[in-house]
Amino acid sequence: MSSWTSSAPLTDPEAHGRAAADAFDVVIPSLPGFGFSSPVVEGGWDAARIGRTWATLMERLGYDRYGVQGGDIGAAVSPEVARVAPSHVVGVHVNGSMGMPLQAPSEADLASFTPLELDRLGRVQAFMQEEYGYIAIQSTRPQTLAAGLVDSPAGQLAWIIDKFQKWTVPHEELPETIIPLDRILTDVSLYWFTETAGTAAYIGYAQHSAWGATKEPSGVPTGVIMFAHDVGIRRYAELENTITRWTDVTDRGGHFAALEEPQLLIADLTEFFRPLC
């Protein structure tokens, strides 16, 4: 379950030069409050609740065994599906910053960090200094922000383009040179025409009470692909997840990997799930 430019390479791999045995059924739910899963009329839609809802959805669709995949918020939700339904989830695959340290590491930890881990730690610290503003407002005053976003298509476009600009790779390029402009405008339009800027902004507010809370591993095999933009560190991810595959891609790929590097992402998740299915 994830957000994709197209699901065809997963549902019809033969048409894309891959083995028929690697075909998936693909279920792509829309996050509550986003796009096609709106409107929501109550609070409390944190990652754990969304995970419980996805597990119920899969049960009602008749799937007894399935895998979950997600990036960005989906990278937080997917492990929650495994926590609530470990006997049904065969594996969890995520892209995004799973294992991002929320507190400064100890001196002992720092001494054991690899150059890659130190780079990611430095970028976490830079993010907290330079880019945290959108989280601060979405997690404290989401409705104030929403009033502007639902009133102005230019404001909605600017709010989203800011993240595409900062989170695509290479950062110095305009985002439309990396992701097709029509795809970016489609993404923005989903918020504008469904009037979900407010409920989507609310998700940061809903997560706030859970940030920093310790979670128990589900025991479900978990694979991670960490593209160049993202800052996850395996030793931290392993505290809450049963990591069985970890792939670092250091030379390419932004935060929205399904839009930027779909072939690499599909290849990694296919190799992860192949022995589990």
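Is Ala85 buried or exposed, and what is its relative accessible area? Ala85 is buried, with a relative accessible area of 8%; buried stands for under 20% relative accessible area, exposed for over 50%, and partly exposed for values in between (1.4 Å probe, protein chains only). The views below show a predicted model, in which local features need pLDDT of at least 70 and side-chain atom pairs count only at pLDDT 80 or more, while totals for chains, interfaces and linings use all residues. Residues are numbered from 1 along each chain as its sequence is written, and side-chain values use heavy atoms, with hydrogens and water left out.

**View A. Ala85 lies in the loop between helix H3 (73–84) and strand E2 (89–95).** Helices (H or I, at least four residues) and strands (E, at least two) are DSSP runs, numbered from the N terminus. Between Ala85 and Arg65 the C-alpha to C-alpha distance is 9.8 Å, with 20 residues separating the two in sequence.

**View B. Glu80 and Arg83 form a salt bridge within helix H3.** A salt bridge is a side-chain nitrogen of Lys or Arg within 4 Å of a carboxyl oxygen of Asp or Glu. The closest N and O atoms of Glu80 and Arg83 are 3.2 Å apart. The two residues stand three residues apart, about one turn of the helix. An α-helix has 3.6 residues a turn, so residues three or four places apart point the same way. Glu80 is buried because its relative accessibility is 8%, whereas Arg83, with a relative accessible area of 23%, is partly exposed.

**View C. Arg120 and Asp248 are joined by a salt bridge, with the closest N and O atoms 2.9 Å apart.** This pair links distant parts of the chain, 128 residues apart: Arg120 belongs to helix H5 (residues 115–130) and Asp248 to strand E4 (residues 242–248). Arg120 counts as buried at 4% relative accessibility, while Asp248 counts as partly exposed at 36%.

**View D. A salt bridge connects Asp162 with Lys163.** Their closest N and O atoms are 2.6 Å apart. Asp162 is partly exposed, with a relative accessible area of 38%; Lys163 is buried, with a relative accessible area of 13%. Elsewhere, salt bridges that share partners join Glu80, Arg83 and Lys215 into one network. The structure holds 12 salt bridges.

**View E. Helix H7 (residues 142–149) has buried residues at Pro142, Leu145, Ala146 and Leu149.** Seen down the axis of H7, its buried residues fall within an arc of 105 degrees, so they line one face of the helix; the arc is that of the directions from the helix axis to the C-beta atoms. Gln143 and Thr144 are exposed on the other side of H7.

**View F. Leu157, Leu181 and Leu185 make a nonpolar surface patch of about 230 Å².** Patches are made of residues with over 30% relative accessible area and no salt bridge, with like charges joined within 9 Å and nonpolar side chains (Val, Leu, Ile, Met, Phe, Trp, Tyr) within 5 Å. Accessible areas come from the Shrake-Rupley method with a 1.4 Å probe, and for residues only the protein chains shown count as cover. Leu157 is found in helix H8 (residues 153–167) and counts as partly exposed at 31% relative accessibility.

**View G. The largest cavity has a volume of about 40 Å³.** Its lining consists of Pro32, Gly33, Val40, Glu42, Trp45, Thr199, Tyr202 and Ile203. The structure holds two cavities of 30 Å³ or more. On a 1 Å grid over the protein atoms alone, a cavity is a set of points where a 1.4 Å probe fits but cannot get out, and lining residues have an atom within 4 Å of a point. Grid points are joined across faces, edges and corners, and a volume is the space filled by probe spheres set on the points.

**View H. Backbone details are shown at Pro170, Asp72 and Glu195.** The peptide bond from Val169 to Pro170 is cis, with omega near 5 degrees, and Pro170 is found in the loop between H8 and helix H9 (181–194). Asp72, although not a glycine, has a positive phi of about 55 degrees; Asp72 is in the loop between strand E1 (66–71) and H3 and is partly exposed, with a relative accessible area of 31%. Glu195 is likewise not a glycine and has a positive phi of about 55 degrees. The loop between H9 and helix H10 (197–207) contains Glu195, which counts as exposed at 64% relative accessibility.

Technical notes:
On a 1 Å grid over the protein atoms alone, a cavity is a set of points where a 1.4 Å probe fits but cannot get out, and a pocket is an open set with protein on both sides within 12 Å along at least five of seven lines; lining residues have an atom within 4 Å of a point.
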